[in-house]
Amino acid sequence: DVTNRAQVFATDLDVQIPISAGRLELRPTIGLGMVQFVQHGHPLTGDVSGHSKEFFAAPGVALQLSAGRIAVIPEIQYYFTGRSELSWPIHNKGLAFSVRLVFLSEIRRIRR
């Protein structure tokens, strides 16, 4: 029995590109940070544990759909991480899909 756990510490950087009069925006994005893998195994010879800290990058694209003060943002990203030197192989690449529900609010508008 082997259990794997991954903790991601990252920040997303994106650019908003208006498509349809402020109601629809395209957002190319990149997530950058660090992922920590932790692995526990129970082979016949006894318990084995290990951890590995690796670079994390996740390019992707999101679409922001706004209606009034509410926005729905579906996003697709492809996760890349460094290769770990743990006892058993860990999947370090993969596709991720997420949907965010956002309540929009302006603190102050910049005027020129």
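## Strand pairing around β3

Isoleucine 17 stands opposite leucine 26 in β3, a position within the pairing of strand β2 (residues 17-20) with β3, where three bridges join the two antiparallel strands. Strands here are DSSP runs of E with at least two residues, helices are runs of H or I with at least four residues, and both are numbered from the N terminus; two strands pair if DSSP finds at least two bridges between them. In the hairpin of β2 and β3, three residues lie between the strands, and alanine 21 takes a positive phi near 45 degrees.

The model is predicted, so that local features need pLDDT of at least 70 and side-chain atom pairs count only at pLDDT 80 or more, while totals for chains, interfaces and linings use all residues. Residues are numbered from 1 along each chain as its sequence is written, and side-chain values use heavy atoms, with hydrogens and water left out.

Strand β3 also pairs with β1 (residues 2-14), in the antiparallel sense and through 13 bridges; aspartate 14 has threonine 29 as its bridge partner in β3. With β4, strand β3 forms 18 bridges, again antiparallel, and leucine 24 stands opposite leucine 65 of β4.

## Nonpolar core

The largest nonpolar core consists of six residues, namely Val35, Phe37, Phe56, Ala58, Leu86 and Ile90. Such a core is a set of buried Ala, Val, Leu, Ile, Met, Phe, Trp, Tyr and Cys residues joined through side-chain atoms within 4.5 Å, where buried means under 20% relative accessible area, exposed over 50%, and partly exposed in between (1.4 Å probe, protein chains only). The elements that contribute two or more residues to this core are β3 (24-41) and β4 (48-67).

Phenylalanine 37, one of the core residues, has contacts (heavy atoms within 4.5 Å) with Arg5, Ala6, Gly50, His51, Ser52, Glu54, Thr81, Gly82, Ser84, Leu86 and Ile90, when residues up to four places away in sequence are not counted.

## Aromatic pairs

A search of the whole structure finds two aromatic pairs, the criterion being that rings of Phe, Tyr and Trp (its six-membered ring) have centres within 6.5 Å, with planes under 30 degrees apart counted as stacked, over 60 as edge-to-face and the rest as tilted. Phenylalanine 56 and tyrosine 79 form an edge-to-face pair, with 5.1 Å centre to centre and 75 degrees between the planes. Because phenylalanine 56 lies in β4 and tyrosine 79 in β5 (residues 70-81), this pair ties together parts that are 23 residues apart in sequence. Phenylalanine 56 is buried at a relative accessible area of 4%, whereas tyrosine 79 is partly exposed at 31%.

Tyrosine 78 and phenylalanine 80 also form an edge-to-face pair, at 4.9 Å centre to centre and 65 degrees between the planes. Tyrosine 78 counts as partly exposed at 33% relative accessibility, and phenylalanine 80 counts as partly exposed at 35%.

## Overall dimensions

The chain has zero helices and six strands. Its radius of gyration is 19 Å, whereas a compact globule of 112 residues would have a value near 13 Å; the radius is taken over C-alpha atoms, and the globule rule is 2.2 Å times the number of residues to the power 0.38. Along the principal axes, the C-alpha trace spans about 70 × 25 × 25 Å.

Buried residues make up 23% of the 112 residues. Among contacts with a separation of 6 or more, 52% come from residues 24 or more positions apart.
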